[in-house]
Amino acid sequence: LGDNASNWNSLRHSISGVLTSGMFGLPFVGPDICGFVEDANEELCARWQALGSFYTFSRNHNVFDGAPQWPYVWEKVAEATRYALNLRYSILPYYYTLHAFSAVHGSMVLNPLFFIFPEDKHTWANEAQFMVGEAVLVSPVIQPGVTKLDAYFPAGTWYDLASKSKFISLDEGETQRLD
């Protein structure tokens, strides 16, 4: 997770790295958002800031002599960061509760979908989405040029975290296209 590269492959692998660390009993981890070595571009950094805001440890960090990649360098990245961090801060008490429970019981804070929905075979190989606890589904964009995302929603009632409104109720899992 540390000293990763500023590329889409490292962004994708950060998900499995964070989840694996949680399985090993290290729930408070995160990659170097936007990458540590190489230079990030605007799209990559915006997507990584959005994803990284849901990791338990969230920081933008790069090599000393690398090109600046702080959120304020690009307006699109600043907007994505503000939006994602506002979502994170809106559920900060939930994160605190998950961490306290993890400290006492050794449970995970971030979970692969199949940990929460083991009966749903569509979650078994899903490496692109994860859960914060058992209640928040994170469906990040992890490829360049993507403007619409096909995200899998297991059976249940799902709410939009930003609007706090009901998004969809499903009797069985279904892929939805998100803008």
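This is a predicted model: local features need pLDDT of at least 70, side-chain atom pairs count only at pLDDT 80 or more; totals for chains, interfaces and linings use all residues.
**Notebook: rings, helices and strands**

I started with the aromatic rings, and my count comes to 6 aromatic pairs.

Then I checked where the two residues sit. Phe 28 is in the loop between α1 and β1 (32–33), while Phe 57 is in the loop between α2 and β2 (59–60), so this pair ties together parts that are 29 residues apart in sequence. Buried or exposed, I wondered about Phe 28? Phe 28 has 52% relative accessibility, so it counts as exposed. Phe 57 comes out at 29% relative accessibility and therefore counts as partly exposed.

I found both Phe 153 and Trp 158 buried.

**Strand β6**

I moved on to strand β6, residues 149–153. Of its 5 residues, 4 are buried, so the rest of the structure largely encloses this strand. Which strand does β6 run antiparallel to, joined by 5 bridges? That is β9, residues 174–178. In this pairing I see Leu 149 opposite Leu 178 of β9.

**The β3-β4-β5 sheet**

I then traced an open sheet of 3 strands, ordered β3-β4-β5, with antiparallel pairing. β3 (110–112) and β5 (136–138) are the edge strands with a single partner each, so one side of each has no neighbour in the sheet.

**Helix pairs**

I took α2 (residues 42–52) against α3 (residues 75–90) and got a packing angle of about 5 degrees, with the axes 8 Å apart. Roughly parallel applies to angles under 35 degrees, and α2 and α3 are therefore roughly parallel to each other. From α2 I wrote down Glu 42, Glu 43, Cys 45, Ala 46, Gln 49, Ala 50 and Gly 52 as contact residues. From α3 I listed Lys 76, Val 77, Ala 80, Thr 81, Ala 84 and Arg 88. Sorted by class, the residues of this contact are 6 nonpolar, 3 polar and 4 charged.

Then I checked α3 against α4 (residues 92–105). Their axes come within 4 Å and cross at roughly 60 degrees, which makes α3 oblique to α4. Which residues meet here, I asked? I found Arg 88, Tyr 89 and Ser 90 in α3 meeting Leu 92, Pro 93 and Tyr 95 in α4. By class I have 4 nonpolar, 1 polar and 1 charged for this contact. I also marked Arg 88 as a residue of the α2 contact that turns up in the α4 contact.

Terms used. Residues are numbered from 1 along each chain as its sequence is written. Side-chain values use heavy atoms; hydrogens and water are left out. Axes are lines fitted to C-alpha atoms, for helices over the stretch in contact, and angles run from 0 to 180 degrees between N-to-C directions. Helices (H or I, at least four residues) and strands (E, at least two) are DSSP runs, numbered from the N terminus. Angles under 35 degrees count as roughly parallel, over 145 as roughly antiparallel, 65 to 115 as roughly perpendicular and the rest as oblique. Contact means heavy atoms within 4.5 Å. Ala, Val, Leu, Ile, Met, Phe, Trp, Tyr, Cys and Pro count as nonpolar, Asp, Glu, Lys and Arg as charged, and the others, Gly among them, as polar. Two strands pair if DSSP finds at least two bridges between them. Rings of Phe, Tyr and Trp (its six-membered ring) pair if their centres lie within 6.5 Å; planes under 30 degrees apart count as stacked, over 60 as edge-to-face and the rest as tilted. Buried means under 20% relative accessible area, exposed over 50%, partly exposed in between (1.4 Å probe, protein chains only).
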